[in-house]
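Here is a short report on a ligand site and one residue close by in the chain's fold. Please keep the structure open while reading.

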Amino acid sequence: MAATLPIIDLQELQESSSSSSGKLREACEHWGCFRLINHGVPVSLMSEMKKVVGELFDLPISVKRRNVDVLSGSGYIALSSMNPLYEAFGLYDIGSTAAVHEFCDQLGASPHHRETILKYAEATHGVAMKVAARMAESLGVLASDGAGLFEDWACQFRINKYHFQPETVGSAGVQIHTDSGFLTVLQEDETVGGLEVMDPSDSGYIPVDPVSGTFLMNLGDLATVWSNGKLRNVKHRVECKEAAVRISIATFMLGPPRYTVVEPPPAFVDGRRPRLYRPISYEEFRVMRQITDKQAGEALELLQGPAQPLSTKFDVNSLPADVLAQIQDID
Ligand code: OGA
Ligand code: NI
């Protein structure tokens, strides 16, 4: 029988129970993912958001295309011959009310849509921040530091719509990948499953059955960099299991903004455990993953080896036009 995902209760964690903190640490180190319950986001808001984004996908294609990139690949992704099942909206950075309003303006959102998106962005942003702070604390990065560690970190929405067809049952909706950022708060489709995560014990894939009203939390590549290899960037994929529309809403806590480099806190580096990865900003890492097409954690290998000069700024626009064009539509 397949192993079952760890379940973490956010309310219990907030009450500083040491057993729940240990459970969180174990989940992050061993699994790289867990199910989050008692997170404080009303189920009614989660279902309203799902309804609202479903309506946004019904807009004319010319309107949907107004959701343009801020970071490469952060905006609307249309159905294409490469990706005939997959369509997505994106919003960077949900921590900025102005950016959320701009997203709504681009799509001509109604006042109700706007209010729902604003509320949901604030709520899932809060969940990401709280869980990240508790995670740091569970690893011995003190609460007084932990509380302020991630405050200004950038967060992106990716709202996914999978157009599963009878003839695509059994094929991949999204290939095996790791998330590039630090921590993901995923609202799965509550009825149509398909998400699978890598089993920590045998490298097979475990189907994750959706549980309405909860979030699936994933750690990404940047969590592995930040923790000097302690935290697991879980590989996962989405399989088409039935001919149905599947909508999921991911809030990615990416990393520090504005090309600030990510480095492990001193507690994670010592003589016995030297620094594994060179410091890098999230923006530079994202482009590196896209250009090299190393989407399943292999891009971390590019950060290993002899220390290189600190890279503090990476200008995407300095890339040759053909490389830029190549990375426009890839996550
Ligand atoms: C993603 C992802 C899973 C899903 O957007 O990175 O893994 O269930 N999504 O849609
Ligand atoms: Ni993912």
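This is a predicted model: local features need pLDDT of at least 70, side-chain atom pairs count only at pLDDT 80 or more; totals for chains, interfaces and linings use all residues.

Residues are numbered from 1 along each chain as written, chains are lettered from A and ligands numbered from 1 in written order, and side-chain values use heavy atoms, without hydrogens and water.

**Ligand 1**

The shell around ligand 1 includes Asn 160, His 177, Leu 186, His 236 and Phe 252 (a heavy atom within 4 Å). It divides into 5 nonpolar, 4 polar and 2 charged residues. Here Ala, Val, Leu, Ile, Met, Phe, Trp, Tyr, Cys and Pro count as nonpolar, Asp, Glu, Lys and Arg as charged, and the others, Gly among them, as polar.

Taken alone, ligand 1 exposes 290 Å², and the protein buries 97% of that (Shrake-Rupley, 1.4 Å probe). Strand 11 (245-255) is one of the strands that supply at least two shell residues. Strand 11 gives the most, with 3. Strands are DSSP runs (E, at least two residues), numbered from the N terminus.

**Val 208**

Val 208 sits in the loop between strand 8 (205-207) and strand 9 (215-219). Val 208 is buried, at 5% relative accessible area (buried means under 20%, protein chains only). Its contacts include Leu 5, Arg 35 and Leu 195 (heavy atoms within 4.5 Å). Leu 195 also belongs to the shell around ligand 1.

Technical notes: Helices (H or I, at least four residues) and strands (E, at least two) are DSSP runs, numbered from the N terminus. Buried means under 20% relative accessible area, exposed over 50%, partly exposed in between (1.4 Å probe, protein chains only). Lists of a residue's contacts leave out its neighbours within four places in sequence.
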